[in-house]
Each structure stands twice: as C-alpha cells, then as structure tokens.
Number of protein chains: 2
Amino acid sequence: MLAGDISAGVVVAMMMIPQGMAYAMVAGLPPVAGIYASILPPLLYALFGSSMTQSVGPMAIVALMTAAALGPLAAAGSGLYMVLAAQLALLSGIALLACGLLRFGFLANFFSRPVMSGFTIGSAIVIAWGQVPTLAGAALPRFHLPSLMLGAGSLLLLLAARAWLARLLRALGMGPGGADIGVRLAPMVVVIGATVLVAWFDLAAAGVKTTGAVPAGLPGLNLALSNGHWRALLQPALLIGFMIFLISMSAAQALALKRQEKLHSNMELIGLGAANLGSALSGGFPVTGSMSRSAVNFSAGANTPLASVISALLLALALVAPTGWLALLPLPALAATIIVAVLGMLELATLRTALRYDRGDALALVATACGVLVLGVEAGVVIGVVLSMGTLIWRASRPHIAVLGRIAGTEHFRNIERYPGETAPGVLLLRIDAGLFFGNVEAVNARIEEELAAHSAHCFTRHLVLVLSAVNAIDTSALFGLIELNVLLRHRGVKLHLAEVKGPVLDRLKTSDLLSTLNGKVFLSTAMAWDELAGKG
Amino acid sequence: MLAGDISAGVVVAMMMIPQGMAYAMVAGLPPVAGIYASILPPLLYALFGSSMTQSVGPMAIVALMTAAALGPLAAAGSGLYMVLAAQLALLSGIALLACGLLRFGFLANFFSRPVMSGFTIGSAIVIAWGQVPTLAGAALPRFHLPSLMLGAGSLLLLLAARAWLARLLRALGMGPGGADIGVRLAPMVVVIGATVLVAWFDLAAAGVKTTGAVPAGLPGLNLALSNGHWRALLQPALLIGFMIFLISMSAAQALALKRQEKLHSNMELIGLGAANLGSALSGGFPVTGSMSRSAVNFSAGANTPLASVISALLLALALVAPTGWLALLPLPALAATIIVAVLGMLELATLRTALRYDRGDALALVATACGVLVLGVEAGVVIGVVLSMGTLIWRASRPHIAVLGRIAGTEHFRNIERYPGETAPGVLLLRIDAGLFFGNVEAVNARIEEELAAHSAHCFTRHLVLVLSAVNAIDTSALFGLIELNVLLRHRGVKLHLAEVKGPVLDRLKTSDLLSTLNGKVFLSTAMAWDELAGKG
C-alpha cells in the first residue's frame, strides 16, 4: 500500500513539472506559478476533499479560462496579472467553499454530459490553436525555423509515443499499468531531451525561447490584492468555480467507478475551495482535479491522499534545489506537450452515441463546442447551461399523453393507439406520462383541450379522468394549472376526475384547495373510475 | 358584435391616453412617446398576433426595464435617449420575430409561476417607489406642497374608487361589466379633474409640473439609429423581449381561459415582434400585451381585433386634433395613477398557496422579488430563470426510488415501506419514479449503490431489477449512466435487469448499445422478472 502511494507520488511529481509550467503558460503566467499551484493545493485537497486519488493542480481548460478572465484586465506576465490570478483563485475558492457549506452539490447537474463533452472539445481546440505560435516560434504564417523544428519534432515524438509506446513497452515485458505510466511520462522525457538540445547547441542564442530564470525557493505565503478589481473578477470567478467543480467531479466520477468509491459532491466542493484558497495564498492561479493526472495517480498505485502529499513535497524540493536547469526548458517543446495533452480531450464517443440515440443532445454538444470556438470559453459555460436547460424545457413542452381504452374483459387500460381497447361514450381517460411542473403546464393543458375537442366531436364529454400513475410530482405552477382546468371544465359542465394519484403526490395535493373544489372525484384505480362512470356516460 | 368592438375601442383609447403618457414617464421618455407607442403596435398586433382581445401598448414593467437599460447610456428625455428607446424596441422586436419564426414558443416555460409572481411584485414596488418624488413634487424627505396635495388627493380618490366605486355603480343600477369599466376609467376622470384644477388655479405657475407641450400630428415613420450602441443594447433587448413575451403570454392566457380561445405561443411571438418593430418605427419604445388593459378590452365587449384598430384610430385622432389640453396634465396626478395601477399587481395569492403547498416555490418567489428590489429589474429576470431552473434541478437531484416487494399471492408489487410485501433473497427490485436525465443521473446511481449495499448486508445480491414503469424518458447522459452501471455490476457479478420499460423508451434504447451489452434481461413485467429470478436467487 505505502509503496504504491510513494511510486504514484514520484510519477505525478515528474508529470507535474512540465505540465504545471505549460499550463501556467496557457494562463498567461510565468512558468513557476504552475509549480507553486501544484504544492499547497493538493495538500489542502488531501485534507478536505472527498476522493482518495484525485490529483489537484493546474489544468488546461481552467488555465484557458484564467487567461480569458485576466486578458482584458492586465498585460499577461505583468505583476498586476499575477496578483489578479491569485485573486481569481481566491474568489473561486470562496465561492466553492460557500457552495460546499450550503450543500449546493446539486449545481453539478446544470450541465448535461453531451454539453460537457462539447465544452471540452471546443476548449481543447482553442487551447491547441493558441499554442501554435509558441510551437512555431512566431505568429503564423511566419515561423522561426529552429523553434519550429524543436516544436514539431517534439510534437511528432509525442504523437508517436501516444500511438505506439504502450505497445512497445509491453512487448519489452512491462505490465499494462507500467506501460501506461511510461506513456504518461513521455512528455517529461521529450521536454528533458529538448532541454538538452537547447543547452548543447545553445539554441537560446539562436532565438529559441525558453522558460527563463525560475526563482529558487518556496513561494511566500501572502496575498497581494487589487481592490479596484473585485467587481470585474466576480463573474469570471463564479464561472471558473463552476467549471472547476464540473471538471473535478467528472474526474472523481471516473475514479469512483474504478475504485467503487462513493462521491460526495459537497465535500468535493469544500476540498476544491480549500485548494484554490491555498493556490491564492502561494502565488498560484485557479486549480482543479484533472482527469488525466488523476488517472496516472491511480494507475501508478495511489491508494490514499499520501500520494498527493509526496508529490507536493517533491515539487517543493525541486524549488529548493538549484533551479537553473528549469530556466532552459524550450517553450516550443512545452507547447507540443500542451497540444498533445488537449488532443486527448477530443473524444468523439459521446457525439457518436448522441447522434444515434438523441439528435437534440447531439445538437447541444455541437452548439456548445461552436459557442466556445466563436464566442470564447466564458460564454461557452453560459451557453452550456442554457442549452442543457433548453433541451430539458423543450422536451418538457412536448409531454406524452395517451388516451386510454380498456382491454376487453380485463381491468387493464392501455394507450388506444398501441392496443385495441374499449372506450365509453362521454368518458375520456387520459394518462399523463410526465411529472407536472412549470415547464409543461401550458403544453399539458393545451393537449387536454385538444383531446377533449376531438373526443367531443362524436358525443359530448361528461367526464374527464386524468390518470396520474406516471406523475411523480406536481409543482405550484402545475397546481394552478389544474385548478384553472377544474374551473374551466365546471363552466362547461364537464366533470374532472383524478385516478391512480401516487401517495406522495396525493399527500401534497391535500394541502391545497384543488381536492376540496374538485368538480369530480379522486379514484384509487382507473378500473374503479371506469366502473362508476362508464355506465352513466 | 360590432357594437361591442366599438365601445371597447373607445374605452381602451380613453384608458390609454393617461396610461400611455404615465408609462412613458416611467420609461424616462416624453409623454407623447406613450401615445405613439399605442397606435401602430396594436394595429400590427391585430394583423399578426394570436389573441383576439389582447391590448398591446406601453406597460409598467417593460417601461421600467426600458429605463433600466437606457439609464446608463443617455440622459433621460434627451434626443439620444429617444433614439435608443426606439432602437431597443427594434432589437426586442427582431428577437421576438426570430423566436416566433424559429418556433421557440417553449421559451415561455423558463419561468415558473411563483417566480413570475415574485418578479411582478418586486417590479411593482420599484415602480411605485420611483413615482413618489413625482407625486410629492420633490425628492423625499422634501416636498412641494401644491404638488403633494394634488398627487396625494388623486391617490386617495383612486384608492377609494378601487375600494368602493364598483359597489356604488352597481347600487346605482349598473351591470357588473359596466361597473368594472367605470372603475377602470377612474384614472382618466381623476387626471381630467386634476387638469381642470391646474388650469383653474394656474397651479403650473405655482410650480406643479405638467406634461408640457405635446407635439401635434402623427408620429413620422422613420428610424434614427445610434450605431455605437448596438452592443450595449443587445443584452437588455433580449431580456426585455423575454419579459414582453412572458407578460403578454400570461395576459393572453387569462383571456384564453375566459374566452375558451386557444393560445398560439409562436404566433404571439410574431405578433409582439411586429408590434415592437412598429413601435420602433413610430418613435415609441418596447411594448407588450397588458393584463389590465386586455381585461378592460374584454369586459367592454371586444370580440375581434377591430376593437384595437378603433382604439388606435381614436388615439391618432387625438394627436391630429388640438393637443394643447394634453400639455396641462399634472405629473403628480399621473404618478398617482401609476402607483395605483402597480398596486394592483401586488397579488399575494400565489405566495399564500405556495407557502402551504411547496416551500421551495415560496422561497423562489420571495427570492426573485428581493432580487428585483436589491439588484434591479434586469438582474431580476436572470435570477428568475436561475431560480426556476434551480428548483427544477434541485428537485431532480432527490429522485424517488422505491424498493418493491410482492403483495403475497398476487402479481402486484408495491413499495415495501408503504405495504407489507415479500422479497426474494438475492433479488433487489427498485422502481425509479422519475424520468432519467442529466439532472438526476448521479443521484439515481448513488441511490442504487446505497440500496445495493443495504440489501447485500443480509445476503449477496445477484440480481438487480430496475422497474421503469414511471420512467417516461432517458436522455443521453442517463444512457451513459446506465451503461456505466451495467459495466460496474458486471465486474461485481451482479446481473442488471430492466422491467416494464415503456414503449417509446424501449424504442429509443434499441438504438443504443445498452441492450446488446446488458448483463441481464429486459422483462415485460415485474411479475415475469420475479418468476424467473426469485426461484434461483
């Protein structure tokens, strides 16, 4: 057990050095901020978080959102920019903590899975495209040949590693877990190789940009704040906090499936809130649990949060040890690691399933991805929520309602469109196949009107029976809808009856005026309603 | 029939003159803009709208939102302000038309009824409070005595009319409809009386503010635009367009209930879009269907849109005739009519019902009202949508799931917490009482885990049967949830079965991989699952 945590800690630390520095670049910060954000946050998450093997630190999408939030407020890399990055982590952390204490874990349910997939795909493309100038050493269509060679070479090596390294390592006798870890460490190896090339051929003198001097020593614990920027940071901080939670929850969920752990969304909020406060205190920027890093942590044998503690200590050691070598990491190679990392987020399985299973969800996925590409990552979050809710409300506005008929000689009542059933003159049986709430109350009333009109074409309808066997809840808006329907039908001389009302729904209705003013009866079963009404029809 | 339309047209025109001018004041515009906005918009709505008796024109809440949108962009009453008001109507009109053509009528379902009630209450308080300085002739705690006397006198008269006039008129032999119309015309009478007082005692010279010169003649049809303001107007225009639609829909809905008309939300969008384009073209500001005016129109006998045409023509005539008298309307009396009008929107019946029936909805109502009061009317719209969706998602995260037992000797299966039922060792029957979608997939999986753990405490569970009789739909997110559950259970040696899957749900599932990889069976009924599994358990 302990051995597993130690090896996982070492592997994750080795992965975090290039990754943290690279994501700090994406966020528009000096590379060392990425290492700072990988020390205190995982320690605090280990204390307060819910998942045993989650690895918390910088993450590509959150780094992109940080850059999008700070871009309009300060020049990337400036002192103010660094202050604002920490302040953003502070605000996000406070929001996450508050949501956790208020037990608002249900907020994770505002994004549907297809929308999350679309958001991830859109962000991955934006991040990859943003790294192309760094990879080429100049803004396209120009390029700087030594940088481009280094960057493109790293990119090809990393793509090759992704495609073949696992198979190669297994052919050399490694187990599947070890081979997987080998693949995950390829970026580290490629970056070290590129650094050696830079040192050997003095490529920095030839114009290849490197990370530059990294200040030695641990980050100081302090919090410089810009009082003029609270308001401007608030909305981005809330959006970033929301995405931190969503991203971390999907990583935790994937791990929980593998480890048969339970997810505690409120504890996850508190753990992430503490981690972001820690990041703010130690010169970092917003952090989250990362799917790819957590998967490595798990595969490398992590069993307890001790793995994260070890990895944080190793990173702290790296800063205390001489850091001269860190200054020579070539940016084109780091850009290549970012591009390959985010290519891994371009999964199309969700889109493929949604296209076959539910076109509306597929459309929401594509629209969210396009929203991120066209309008940016912040607007993308809002678009994602709007589309998730939009598909929900749109579907609710098309409730399924069946006209029931009796299967002759039985007490069974079925949709007359699917089964041949008897009907009684003057009696209309409607089964509503949806919980009644504000999103469908108009549509349900409109459908009832239509069915009444169609039914009354043959013979005047005296009794309308709403069969509520599939109605799991009735909210206040729908209660008003039923009360109005009752009044309307009374004026027309039609009796409104309810049948098969579920226990909890009936208990709730008893606190309202509907039952006492109901112009018909409440029947336990459809058969009882039929027996009483069909004779008189 | 024709007589009814003519009398309704006359009554509504008489109501519209003071009301239109008063709401123009609320919007921060010269009073004549309120009359302009009452001519072309109802004509265009009559051509394209869906309701026969809806009266479209200026409305208090929409006027308040107009002021909130334009306040930061221009000085109230300035030329730019008037240009921007028309531009706002143009943008809202385009948005409404576009939504109508795209058949986005379901957008009305984003607000629950309690939230709409809270929004209305909050807005009414903001509007009434905003009129107090006009009523008193100076900003509180100061006041201008002649203005205050005129304003407070009008207010008391109007309140008295609301309380007793209908009863008085009926005692004098009027029918209930006529008495109602008399009450609705009280503001007109009070304003005329106050105008006579102003003229008689030359109160304008004493410092009582009046509407001031009203330009004679019809509004010119043209559209001055400020090209620098499109971006700043876009978001307010969308929010205002949304509220225009919601307000008009609830008025149309109340009328439809009385007249047994059908509502066509997409045609309503198109009619409102056309009306707002007309308002933009003729120097007006955003308009909507008003509940109070439409109710008067209906009570006064309107049967067809001809009533609106007549009222528009009369208002046009009023502008062509000498308009000198319109200049003398005293602002304190107009403020009193606004205050009394919006007091009518302070209905607490929804709150009272929600408090008894559903605390969550009552909380959403109060929170929306407070949101409007504290953060303003624009933020209030967003808060309303967020709270409507929030209650929905929060409820979804607490799905009802029942463990089923067999009622001995029958084929009926019931919740073992409510009925004594037999269970079989090794077989767990769970009925999920909610449609499966992204909002509850985590919660449902967590509950299934809990029930499995509880059940396996006695004896290892070999078979899990999900009874889907109340599941009306399964979206893509929930499909992934089921696929993951299936994989997880297979690893643990538990078979996952489905029973009583509804026809449309099963048809949909057949397009996915779930059924082909399902590690158990799909049973037509719970009884069939029991017969096959309970023996082997």
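Author: Ten residues of chain B come up here. Ile432(B), Leu436(B), Val441(B), Val444(B), Asn445(B), Ile448(B), Leu466(B), Ala478(B), Gly481(B) and Leu482(B) line the largest cavity. Two elements of chain B each give two or more residues to this lining: α17 (441-456) and α18 (476-492). α17(B) gives the most, with four residues. Helices here are DSSP runs (H or I, at least four residues), numbered from the N terminus.

By class, the lining has eight nonpolar, two polar and no charged residues. Ala, Val, Leu, Ile, Met, Phe, Trp, Tyr, Cys and Pro count as nonpolar; Asp, Glu, Lys and Arg count as charged; the others, Gly among them, count as polar.

The volume is about 60 Å³. The whole structure holds six cavities of 30 Å³ or more. A cavity is a set of points on a 1 Å grid over the protein atoms alone where a 1.4 Å probe fits but cannot get out, and lining residues have an atom within 4 Å of a point. Points are joined across faces, edges and corners; the volume is the space filled by probe spheres set on them.

The model is predicted: local features need pLDDT of at least 70, side-chain atom pairs count only at pLDDT 80 or more, and totals for chains, interfaces and linings use all residues. Residues are numbered from 1 along each chain as its sequence is written, chains are lettered from A and ligands numbered from 1 in the order in which they are written, and side-chain values use heavy atoms, with hydrogens and water left out.

Now the two chains. Chain B can be laid on chain A with an RMSD of 0.1 Å, by a turn of 180 degrees and a shift of 0.0 Å along the axis. The two copies are thus related as by a two-fold rotation axis. In chain B, the C-alpha nearest that axis belongs to Ala470(B), at 2.5 Å. Superposition is by least squares on C-alpha atoms of residues with pLDDT of at least 70 in both copies.

The contact (heavy atoms within 4.5 Å) takes 57 residues from chain B and 59 residues from chain A. Of the interface residues of chain B, 100% are also interface residues in chain A, so the copies meet through the same surface. Between the chains there are ten salt bridges. One of them joins Asp513(A) to Arg356(B), with the closest N and O atoms 3.6 Å apart. A salt bridge needs a side-chain nitrogen of Lys or Arg within 4 Å of a carboxyl oxygen of Asp or Glu.

How values were computed. 1 Å grid on protein atoms, 1.4 Å probe; cavity = no way out; pocket = protein on both sides within 12 Å on 5 of 7 lines; lining within 4 Å.
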